[in-house]
Amino acid sequence: MSLIQNFDLYAPKLVDRKEYLCSGHRACQGCGEVLGVRLVCKGLGEDVVIANATGCMEIVSSMYPFTAWEVPWIHVAFENAAAVASGVEAGLKALRRKGKIADRDVKVVGMAGDGGTMDIGLQALSGAMERGHDMMFVCFDNEAYMNTGIQRSSGTPMGASTTTSPAGKVSMGQKTWKKNVAEIMVAHNVPYVATVCPSYPLDLIRKVEKAKKVKGPSYIHCFTVCPTGWRSASELTIALGRLAVETLIFPLYEVEDGKYRITVDVENPRPVEDYLKHQGRFRHLTPDQTKLIQERVYQEYNKLLDKVENLQAWSDLKYDLGMLD
Amino acid sequence: MAKRVGMEVAIAASEAVALCNIDMAAVYPITPQSHIAEHLSDIVADGRIDAEFVTVESEHSAISCVAGACATGARVYTATSSQGLMLMHEILPIVSAMRLPVVMGIANRAVSGPLNILNDHTDIMSQRDCGWVVLFVENGQEAVDLTIQSFKIAENKDVMLPTCVNIDGFQLTHMVEPVEFPDQKLVNKFLPPRKPYATLHPDKPVTMGTFAMGDIFPEVMKAKDEALKGAKKVVLDVFAEWKKLFGREYKLVETYKTEDAECVFVTMGSMGETAEVAVNELRKAGVAAGLVKIRLWRPFPFEEFRAAIGKAKLLMVMDRAIVHGGMGGPVSVEIKSALYGEKNPPAVHDYIMGLGGRDVAVDDFEAMAKKSLEAYRKGVEKDYEFYGVRG
């Protein structure tokens, strides 16, 4: 029995009833990203400050003089959410130490879309993570620049047709494989890295709660379906998120101190075709092209399984100071 | 009275920051700002001040990082130069629109290309319209005094705008000058802890940096413009209080021997001291020369400038940047607009000089005055020229 079927039964106990991103925002019907933000906020609770990059979530939630945010929130620009978040963290840290604000933990969370994380914001993110700020960064990945009109990013999957990687007579659409930022974050020695999808709300919330407890940087990569950009039916948003996981296209896992663990097991993976066929952005793909994608998905999943099976937590690795005794 | 010490100006500027009880600084190294960054990191490393020092990965992140910290209510500082300032550019008007009182030191340097690390004012002039309070200093003492005053100006409830202190790169930053540091207790009295209007904290959630379309965007721009213009009065008040507490007097526009001057040099920054010597030399030769030094560049002190030039018939503007495709350098363009509509305005001759660290000596000022006076006496119109430039 999967988590989602028990949601109604357990939700009151497992999920914060309070909304931190309130209704009335201007997101599209069936927006997976705004649902992701809502659930992330439930995992975070009240004691947070959010630094949001320019993008859909900023636009739909903060049209002056309105705000959908019940938690402190700042937006400065597109590529600098991680830098702003790191500054908020440094400011709060100094003010708390100097007794100028309440003496309690406040988690600073940077948020951006795939463009704001994987392309234009990657440098600021790398810097903030490397500096070890006590902050979380969440990438809401809907696989293209949706806010500006569905242009390709480095998060756009191979074969997807976007407005700057259109499928044409001599093009299959996006010609590059999706950049894996979660792995890049692991390579930064970030102590907690996880992938989530709002189609698995309890898995998502639990990972956010875990990341919040980390003293130091943490990174969460949230896969969010975009009916507008993917040209999919808005009522399929949750189903498509589940299909991305069930086809192994977007595996849900976490990396704690270097130790990989798959959190939602997929016993009988479905063919990628089951996921691709519901989306207009993949409609042009030929069977050969679909096969190419299937092959890559298996390859990437095998690499992940290899890490799950063979990589140990940093504390369990071979060398330690005891060897000097 | 405090003791005067000999100190490199960049070091002195960071010592001034240390007197201001900052909570946080974020800097990225760039020549010739780097001594400010290095010395400030020393001060923090030795525990002389209790502040977070964030070594960001770029200037874009430096300004973003201090903006985030400033939004929490912290007193923040950053410093940069040239390409670094250009990289910050995108964020500068956002910081002023968000009314974040960030203070920044700028070690003025030419902007590439070609690559050049020496002094001129191209970096700050390209950021002229970002809505910051912009101050220029002439020597080490002014770098110290105006850095401290900047926090008070920026944080004033009627201003709440970022403020930058322009210190000529190398010509000033790397010179050892006599500097007198104000007493810490007096600085504490002059500059009490920041009282932010709104802060990022869950105790009182606020939304900052919202999306605004044409129904409200122009009002935000007007509010920023009015705040910046209103900053002039606050700068004057801060100068007056400084004089009372520390004895040193500052004006928005400084004058030197202008009372009876026929021709007047106009400078900004470190060049003022060389120009003073030139005025003395010219006066020895019988030329009624004077000097006007602009300290506050934004908001531009129009009334004070017009009063400062007195009855001069000829202004010789020393521009250390150029408005490409326009009417000379940015200072002369500003001055011409300040004089528009005035009865019998003086002739304005613009000299674009000292670019990319090209030395400008006393002789050069004298030569420019000679050129201008000749043209003026012959009634020849003269707009701008690249002084001493081949080709």
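Start with two helices: α10(B) passes α13(B) in a right-handed crossing. Keep in mind that this is a predicted model.

Where do the two helices sit? α10 covers residues 271–284 of chain B, and α13 covers residues 362–378 of chain B. Their axes are 8 Å apart, and the packing angle is about 55 degrees.

Now the residues. From α10(B) we have B:Thr274, B:Ala275, B:Val277, B:Ala278, B:Glu281 and B:Leu282. Facing them in α13(B) are B:Val362, B:Phe365, B:Glu366 and B:Ala369. What is the class make-up of this contact of α10(B) with α13(B)? Seven residues are nonpolar, one is polar and two are charged.

Next, the domains. Chain B splits into domain 1, residues 4–246, and domain 2, residues 254–386. Taken over C-alpha atoms, the centres of these two domains of chain B are 28 Å apart. Domain 1 of chain B puts 27 residues into the contact, and domain 2 of chain B puts in 20.

Let's look at the domain 1 side of chain B. Four elements each supply at least two residues there: α6 (122–125), β6 (133–136), β7 (163–168) and α9 (217–246). Which one gives the most? That is α9(B), with five residues. By class, this side of domain 1 of chain B has 13 nonpolar residues, eight polar and six charged.

That's the tour. Happy to take questions.

Note on methods. Residues are numbered from 1 along each chain as its sequence is written. Chains are lettered from A and ligands numbered from 1 in the order in which they are written. This is a predicted model: local features need pLDDT of at least 70, side-chain atom pairs count only at pLDDT 80 or more; totals for chains, interfaces and linings use all residues. Domain bounds come from an automatic or database domain assignment. Two residues are in contact if their C-beta atoms, placed from the backbone, lie within 7 Å. Ala, Val, Leu, Ile, Met, Phe, Trp, Tyr, Cys and Pro count as nonpolar, Asp, Glu, Lys and Arg as charged, and the others, Gly among them, as polar. Axes are lines fitted to C-alpha atoms, for helices over the stretch in contact, and angles run from 0 to 180 degrees between N-to-C directions. A crossing is left-handed if the near helix is turned anticlockwise from the far one by less than a right angle, and right-handed if clockwise.
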